[in-house]
Amino acid sequence: MSLLGLAGVAAGYGEVDIVRGIDLAVEAGEIVTIAGTNGAGKSTLVKAIMGLAPKVSGRIAFDGADLLRLDAEARIDIGISYVPQVANVFAALTVVENLQVVERVADRRARIAEMLALFPALAARRRTVAGALSGGERQQLAFARALMPRPKMMLLDEPTAALSPALVAQVFGLIKGLPALGVAALVVEQRARQSLEISDRGYILDSGAIVLHGDAAALLADERMAELYLGGAP
């Protein structure tokens, strides 16, 4: 049984389904990329998994639990963390305060120490307000916050948006290291090629439906897919 499994999932707002008929799986310890055209429904799909989309149907199971029966907070309790594209840290709070306010964390002080050891740049700026951090440091803090409750999987919505090329590489390095921490990752990314390069598998969305999926290396090698969804050959 997959850690995360979707079958026939539709999600949207009001009467409109943004995504429909989605079958998707993430295994424990995997990195899986969701890529595709602008407006394809990538972020809506991740919000449906997290319990943040107002209209969801189909089946979403995580670690044996029926997610459609659980609210967003309960989904955190069973091991899902979410890093949204924006508003992923509290700008007016310090680095340590951002970690302190994360709920449902056993041994909070020890866990904060673990996060600061994992992210040395944050340790050096532990008393700095998040709004004064660089873009890369803010993303590190967003990752640290998401890791605080010891999740089994992280949902990452456009984690490299608006970052410089050097910081993009840094964030992909963070994602690549998640399986070593026992955390699977489902990543929504516009930088599809770079994301697939660190992924085990990928799903390509177009107009709310999956049009391609499979091993990440095979998707990268598919010339037609590269032309349509990856900006051409490397």
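**View 1. Pairing of β6 with β7.** Ile-80 has Met-153 in β7 as its bridge partner. Strand β7 (residues 153-157) runs parallel to β6, and four bridges join the two; strands count as paired if DSSP finds at least two bridges between them. Helices (H or I, at least four residues) and strands (E, at least two) are DSSP runs numbered from the N terminus. The model is predicted: local features need pLDDT of at least 70 and side-chain atom pairs pLDDT 80 or more, whereas totals for chains, interfaces and linings use all residues. Residues are numbered from 1 along each chain as its sequence is written, and side-chain values use heavy atoms, without hydrogens and water.

**View 2. Helix α6 on the sheet.** Helix α6 (residues 135-147) packs on the sheet, where it touches β6 and β7 (contact: heavy atoms within 4.5 Å). The direction of α6 makes about 150° with that of β7; axes are lines fitted to C-alpha atoms, for helices over the stretch in contact, and angles run from 0 to 180 degrees between N-to-C directions.

**View 3. Strand β9 and its two neighbours.** Strand β3 (residues 31-36) runs parallel to β9 and is joined to β9 by five bridges, with Gly-36 opposite Leu-205. Strand β10 (residues 209-215) pairs with β9 in the antiparallel sense over six bridges, and Tyr-203 has His-213 as its bridge partner.

**View 4. The β9-β10 hairpin.** Two residues lie between β9 and β10 in this hairpin. Ser-207 in the turn has a positive phi of about 55°.
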